[in-house]
Amino acid sequence: MTTGAPGHFGIYVHIPFCLRRCDYCAFATWDDRSSLLPAYVGGLVSEIAAAAAALPGVTSVFFGGGTPSLLAPEQLRSVLRLLPLEPAAEVSVECNPDTVDAERLAGYHDAGVTRISLGAQSLCDHVLVALGRTHGVDGVVRAAAAVAAEGFDSWNLDLIYGAVGESLDDWRTTLGCALDLHPPHVSAYGLTVEPGTPLADDPDRFPDDDDQADKYELAERLLSVAGLESYEISNWARPGHQCRHNHCYWSQGNYRGFGCAAHSHVDGRRWWNVRTPERYLSLLDAGESVVAAGERLDPTQRRAERLQLALRTSGGVPASALDTEGLDGLVERRRDRVVLTTSGRLLANEVATRLR
Ligand SMILES: C[S@@+](CC[C@H](N)C(=O)[O-])C[C@H]1O[C@@H](n2cnc3c(N)ncnc32)[C@H](O)[C@@H]1O
Ligand code: SF4
């Protein structure tokens, strides 16, 4: 069963390269330095090799980015083989539709990958253009068919709603076409205006709150009817297909991050690596630490954060931890827990201010 069980230990591996930067994206990734990729994989190998002896058994690995599917299967394998994986560990790779084909996916599977997360974003061509994606709908369909045919344990489609020019009917089309591909897991994110991105400089393309709320409710309706249950605000899965690595984050589990900009958390201590691949590689070359900074959460901060994360999940929070007065319709009681309703999930930040 894929839940955040005690004893979970996750590994995050960051791949900071993309074919082209999407202008809404604020992740640590670059589209003009793919020549660094081989050296970067060498850097990951040395960072992980130095840490591996002290790692506990690993129950999930997540290759995130950026575009991890720019890695050749052999490069991915060279990283994965250093990790002390538990039997049946979940190993996810984020893939862009236009960087995978049947051969690459078979190579990943053979290297030990169990789960693919495919960045579809939309199944309407004009929305993909508005988002500045490098692929069309045909690319998503082709990639999803190849993922399904390869027979991974599980896979996910990432979708974004709220791009300029996307009508409610376009979003209905995206959800319908996505469901036709039979993904066992869907992540649907409202387009967020991230400071410092080109999107942030263009108010004409900002998403509308009411439109996004309607689209969220439509997603909840269509996905749940199709058998995908909401288990976190932006995540739906068929039974047995929840992402174990996500659960590790949401349950304040322990995880180590490798690569530039990667974050780690072990027992209330958090730290993160330097942001750029150049700085990361030069520190490794000099035999120095790649850690940029860190912090230790005190017990009060840890509890507050634990409740905020739990509130966003279908497990909710203990009833005693939330002042529910005036929150009618936004939360519901399930035995000794309180969970957000669909309307409550749209106002999760406001509800979280009532945690006590
Ligand atoms: C780190 S990206 C990696 C996935 C992969 N590079 C891709 O784009 O296909 C993970 C996901 O974050 C989501 N995302 C990134 N920026 C976003 C934004 N500003 N608003 C909403 N979702 C965003 C997208 O759905 C994306 O698939
Ligand atoms: S959304 Fe994905 S492909 Fe686009 S820039 Fe961000 S990480 Fe790269």
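1. A crossing of two helices is called left-handed if the near helix is turned anticlockwise from the far one by less than a right angle, and right-handed if it is turned clockwise. By that convention, α6 passes α7 in a right-handed crossing. Helices here are DSSP runs of H or I with at least four residues, strands are DSSP runs of E with at least two, and both are numbered from the N terminus.

2. This is a predicted model, in which local features need pLDDT of at least 70 and side-chain atom pairs count only at pLDDT 80 or more, while totals for chains, interfaces and linings use all residues. Residues are numbered from 1 along each chain as its sequence is written, and chains are lettered from A and ligands numbered from 1 in the order in which they are written.

3. Helix α6 (residues 168–180) and helix α7 (residues 209–225) pack with their axes 10 Å apart and at an angle of about 25 degrees, where axes are lines fitted to C-alpha atoms over the stretch in contact and angles run from 0 to 180 degrees between N-to-C directions. The two helices are therefore roughly parallel to each other, a term that covers angles under 35 degrees. Leu168, Trp171, Arg172, Leu175 and Leu179 of α6 meet Asp214, Lys215, Leu218, Ala219 and Leu222 of α7, contact being counted when C-beta atoms, placed from the backbone, lie within 7 Å.

4. Around ligand 1 there are 16 residues, and the closest are Tyr24, Gly119, Asp158, Tyr189 and Thr192; a residue is included if its C-beta atom, placed from the backbone, lies within 6 Å. Two or more residues of this shell come from each of β2 (58–65), β4 (115–121) and β5 (154–161). The shell comprises six nonpolar, seven polar and three charged residues, with Ala, Val, Leu, Ile, Met, Phe, Trp, Tyr, Cys and Pro counted as nonpolar, Asp, Glu, Lys and Arg as charged, and the others, Gly among them, as polar.

5. The residues around ligand 2 include Cys18, Cys22, Cys25, Arg21 and Gly119. This shell divides into four nonpolar, six polar and one charged.

6. Ser264 stands opposite Trp271 in β11. The two strands form a hairpin with two residues between them, and Asp267 in the turn has a positive phi of about 50 degrees.

7. An open sheet of three strands runs in the order β13-β15-β14 with antiparallel pairing, and its edge strands are β13 (317–318) and β14 (331–334). Glu332 stands opposite Val339 in β15.

How values were computed. Angles under 35 degrees count as roughly parallel, over 145 as roughly antiparallel, 65 to 115 as roughly perpendicular and the rest as oblique. Two residues are in contact if their C-beta atoms, placed from the backbone, lie within 7 Å. Two strands pair if DSSP finds at least two bridges between them.
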